[in-house]
Every structure is written in C-alpha cells, then in structure tokens.
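Thanks for coming, everyone. Have the view open as we go.

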Amino acid sequence: MQLQDAKTRIDWLAIMRGLTILLVVMCHVQLVDMSNGENHTECMMISRPFDWMRMPVFIFSSGGLLYLSRIRKNVHFLDLYKDKFCRICIPFLFFVNAYFFIKLLTNSFVKTPVNASLQYYLENYYIFDGRPSAPLWFLATLMVLMLLYPMFVWLCKSKWLTSVFLLFCILLYYIDFCEICNPKENYFYFFTINRYLVFFFSGIAFFRYELYRYLDNVWLIAPIVAAYALFAYYDYWLLASFAGIALLISICQPISRKWNNLFSSFRDYIYQIYLISFIAQAFVELILWKKLFYNENLFWIFYVLNVLAGIYIPVLIAILVKKIPNRLVRLCFGLK
C-alpha cells in the first residue's frame with residue numbers, strides 16, 4: 001500500500017470515529033417532559049435510526065485500530081497488556097468511583113438514588129446494569145477483548161483461520177448466554193462478550209485484508225442504505241449492524257478526500273468524550289433544564305446544548321488534564 005492510501009485510510013477512520021461518538025452522545029440525550037416525567041420522545045426518535053450501527057461501529061473501529069497500531073506492527077503481547085492496563089483499567093477504576101460518588105451526591109436530583117451500602121459500591125466494579133457504573137461496560141468488554149490479543153495475532157497469519165473464526169463469531173453471536181446462566185451474575189459483561197466479539201474481530205480482519213477498498217464507491221451508498229433500512233425494519237440486528245458499518249465506511253471515505261479535518265475539533269478525544277459526556281449531559285438535564293430553565297419552547301435549544309456539552313466539556317477537561325505533570329492523573333482520564 002502506498003503512503004497516500006494509508007493516509008486516506010486514517011483520515012476516513014478518524015472521521016467515522018468522530019461521527020460515531022457524536023451518535024453515542026446523541027443517544028444519551030435526556031430532557032425530561034414535566035407533563036409525564038419521561039424523556040422527550042424526540043430525543044429517542046432522533047437516535048433510534050442509528051441503534052443498529054452505533055456501538056457495532058464503535059467496537060469495529062476498536063478492532064481495526066488494534067490491527068493498525070499493534071498487530072500489524074507485531075507488538076509483543078506483554079507490551080500490549082501493559083499499555084491497555086494503563087489506558088483501560090486505570091480509567092475504569094477512577095470512573096467507577098467518579099460515577100458512584102457524583103450520583104451519590106446528587107441523589108435528590110435523580111430518579112434512581114444510589115444505595116450507599118458498601119456491597120452496592122463494590123458491585124459497581126463488576127456488575128454494571130442498573131448501577132452508576134453502567135457506561136463502563138464498554139471498558140470491561142474492551143479489556144476482555146484485548147486479552148485475546150495473542151489469538152488475534154495468530155489468526156491474522158492465515159485467511160483460512162480468519163474466515164473460520166469469523167464464522168465461529170457469527171454463530172456465537174446468536175447464543176444467549178444470559179438465558180443459560182444467571183443474568184445477575186454477568187460479571188464484567190462476560191456473558192455478553194459474544195455480542196461484541198464478532199464486530200471487534202471483523203474490524204481486525206477488515207483492515208488486515210484492506211477490504212475498505214471495495215466500499216470506496218459513492219454508488220454503493222444508496223443500496224447499502226436500502227439494505228440497512230430493510231434489515232432494521234425486520235429487526236435483523238447482525239445484518240443491520242454490518243450494513244450500518246458498511247454504510248459509514250462508504251460515506252466517510254469520499255468525505256475524507258474533501259474534508260479531511262471533519263470533526264477535528266473533538267475526534268482526538270473520543271475516549272475522553274465517552275468517559276465524561278455522561279456527567280456533562282446529566283448536568284444539562286438535571287440542573288439547567290429540569291431545575292433552572294425548564295421551558296418546552298426551549299427544547300431544541302437545550303437538545304443542541306446537551307449534545308455540545310457532551311462533546312466539548314470532555315474535550316476541554318482533557319486539554320486541561322493534559323497539562324498536568326502527574327502521569328497518574330492523566331492516565332485516570334485515558335491520557336498518556
């Protein structure tokens with residue numbers, strides 16, 4: 001592959017990741033309608049069309065980046081583990097406490113107050129559903145996937161092995177381990193790892209064999225949109241998710257050649273946005289909207305404000321934290 005091709009690939013991947021985190025933030029917009037105490041239907045209606053692609057693209061991109069930054073360069077697995085412990089486990093431990101104690105301090109504002117018991121606090125480290133640490137399921141899942149790094153390196157040595165394992169991942173996707181096991185014991189989201197392994201490894205294989213070249217055609221966008229809409233309508237999750245991934249790739253590649261700096265104001269801080277946006281958006285919803293300025297006529301202004309807060313407050317915090325000379329503090333926010 002020539003240098004220019006590699007640069008284009010990185011540009012479109014950065015744009016796709018920027019678009020994906022924007023979709024994630026939009027999904028988390030909460031603006032209560034005081035007439036019924038529920039989130040506005042508009043918030044859900046806007047994000048609903050992207051439900052089948054949002055997290056699959058996020059996971060897929062993570063697998064692709066693992067190939068580009070580690071597998072392709074033949075990085076030793078111990079070096080990978082050391083790096084991911086710093087980049088994933090330390091922020092995980094920090095934000096378990098941040099989410100728990102921030103929600104504990106705001107018990108009077110939230111619908112589901114935090115249980116202040118020691119047992120409930122400790123559960124936040126390994127049980128995420130219904131806990132303040134719920135968003136951190138992604139970090140736990142990502143770390144488990146990273147532990148499979150030596151296997152991924154081995155699989156990438158053969159097209160046959162890659163194909164067989166990808167087929168295995170697809171079959172594994174359809175097994176509901178939570179029905180077999182106690183869903184309350186889904187520690188570290190281990191029993192749902194099969195729902196994400198297929199996308200993670202697809203990202204690795206996709207970049208290993210440069211399959212993005214076959215989607216670099218604007219004429220493919222319309223039929224892929226049709227396929228995505230069809231699969232989503234009939235609720236074929238896996239097919240719709242792969243169609244969504246293909247759609248964003250086919251859109252972002254031509255865009256990168258004209259506007260390669262698209263989303264450049266925040267796409268270098270995607271990890272920090274994921275970690276901090278929940279807190280920033282909760283501030284807009286619970287304080288600014290619900291307590292201070294509630295007015296149905298201002299809904300769309302606060303919708304945009306919620307999204308902007310979810311994107312740019314984490315960016316601002318990340319820029320400030322980067323200036324702190326203490327490395328441990330930076331690592332807590334996923335910064336080197």
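**Rings and a helix crossing**

Start with Phe101. Phe101 is partly exposed, at 39% relative accessibility. On that scale, buried means under 20% relative accessible area, exposed means over 50%, and partly exposed is in between, with a 1.4 Å probe and protein chains only.

Before going on, the ground rules. This is a predicted model: local features need pLDDT of at least 70, side-chain atom pairs count only at pLDDT 80 or more, and totals for chains, interfaces and linings use all residues. Residues are numbered from 1 along each chain as its sequence is written, and side-chain values use heavy atoms, with hydrogens and water left out.

Now the pairs. How many aromatic pairs does the structure hold? The count is 49. Rings of Phe, Tyr and Trp (its six-membered ring) pair if their centres lie within 6.5 Å; planes under 30 degrees apart are stacked, over 60 edge-to-face, and the rest tilted.

One of the pairs is Phe101 with Tyr121. Their centres are 5.8 Å apart, with 45° between the planes, and the pair is tilted. Phe101 sits in helix α4 (residues 77-105) and Tyr121 in helix α5 (residues 118-123), so this pair ties together parts 20 residues apart in sequence. Helices here are DSSP runs (H or I, at least four residues), numbered from the N terminus. Tyr121 is buried, at 17%.

Next, Phe263 and Phe266. Their ring centres lie 5.5 Å apart and their planes are at 45°, so this pair is tilted. Phe263 is buried at 19%, and Phe266 is buried at 6%.

Over to Tyr173, in helix α8 (residues 159-173). Is Tyr173 buried or exposed? Buried, at 9% relative accessibility. Arg195 lies over the face of Tyr173, 5.4 Å from the ring centre. For Arg, that call needs CZ within 6 Å of the ring centre and within 35 degrees of the ring normal. Leaving out residues up to four places away in sequence, Tyr173 touches Asn194, Arg195, Val198, Phe199, Trp237 and Leu238. Contact means heavy atoms within 4.5 Å.

Last, a helix pair. The axes of α6 (residues 137-146) and α10 (residues 194-208) come within 11 Å and cross at roughly 60°. Among the residues that meet are Trp137 and Leu145 in α6, and Tyr196 and Phe200 in α10.

Note on methods. Helix = DSSP H or I, 4+ residues; strand = E, 2+ residues; numbered from the N terminus. Axes fitted to C-alpha atoms, helices over the stretch in contact; angles between N-to-C directions.
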